[in-house]
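Visitor: I have a structure to look at. Could you walk me through it?

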Amino acid sequence: QVHLAESGGGSVQAGGSLKLSCVISGSVDYTCGMGWYRIFPGKERELVSRLSGDGTIVYVDSVKGRFTISRDNANNTLRVDLEMNSLKIEDTAVYYCQAARRDTVCRDYWGPGTQVTVSS
């Protein structure tokens with residue numbers, strides 16, 4: 001069983017910073033990739049940043065230069081972090097961590113989400 005738990009969301013003023021962390025328990029497949037997504041009110045899920053199986057990192061254009069994704073497996077605890085700097089009001093959304101396990105195909109698992117609210 002795979003379980004993802006996000007933390008680090010909250011409220012911040014524009015220009016501020018937050019760091020989201022996602023602790024992943026259970027067996028996941030790095031080759032399937034993992035990352036962070038977000039959902040704006042009334043909108044569909046959007047990719048924020050993703051670590052692909054070959055190590056490639058991608059960011060949505062709107063966060064390039066401001067957000068940094070990283071992965072750590074210290075003490076046998078897999079964690080995927082998203083450092084968010086220079087936050088903008090338009091970054092307000094619920095942020096979700098994603099990882100996957102491969103059966104015949106990669107099966108996605110998601111955390112419950114964490115709210116990020118950026119105010120003026």
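This is a predicted model: local features need pLDDT of at least 70, side-chain atom pairs count only at pLDDT 80 or more; totals for chains, interfaces and linings use all residues.

Visitor: How many disulfides does the model hold?
Guide: A pair of cysteine sulfur atoms within 2.5 Å counts as a disulfide. Cys 22 and Cys 97 pass, with an S to S distance of 2.1 Å. Cys 32 and Cys 106 pass too, their sulfur atoms 2.1 Å apart. By this rule, the count is two.

Visitor: How many residues apart in sequence are the parts tied together by Cys 22 and Cys 97?
Guide: The disulfide joins Cys 22 to Cys 97. Cys 22 sits in strand S3, residues 18-25, and Cys 97 in strand S9, residues 93-102. So the parts that the pair ties together lie apart in sequence by 75 residues.

Visitor: Is the disulfide of Cys 22 and Cys 97 left-handed or right-handed?
Guide: Look at the torsion about the S-S bond. For Cys 22 and Cys 97 that torsion is about -85°. Therefore this disulfide is left-handed.

Visitor: Where do Cys 32 and Cys 106 lie, and how far apart in sequence are the parts they tie together?
Guide: Cys 32 and Cys 106 form a disulfide. Cys 32 is in the loop between S3 and strand S4 (34-39), while Cys 106 is in strand S10, residues 106-110. So the pair ties together parts whose separation in sequence is 74 residues.

Visitor: Is Cys 32 buried or exposed?
Guide: Buried means under 20% relative accessible area. Cys 32 has a relative accessibility of 6%, so Cys 32 counts as buried.

Visitor: What is the relative accessible area of Cys 106?
Guide: Cys 106 is the disulfide partner of Cys 32. Cys 106 counts as partly exposed, because its relative accessible area is 32%.

Visitor: Which loop holds Asn 75, and is the residue buried or exposed?
Guide: Asn 75 falls in the loop between strand S7 (67-72) and strand S8 (78-84). Its phi is positive, about 55°, although Asn 75 is not a glycine. Most residues other than glycine have a negative phi. With a relative accessible area of 75%, Asn 75 is exposed.

Visitor: What is the phi of Ser 86?
Guide: Ser 86 lies in the loop between S8 and S9. Ser 86 is partly exposed, at 41% relative accessible area. Ser 86 is not a glycine, yet its phi is positive, about 50°.

Technical notes:
Residues are numbered from 1 along each chain as its sequence is written. Side-chain values use heavy atoms; hydrogens and water are left out. Helices (H or I, at least four residues) and strands (E, at least two) are DSSP runs, numbered from the N terminus. Buried means under 20% relative accessible area, exposed over 50%, partly exposed in between (1.4 Å probe, protein chains only).
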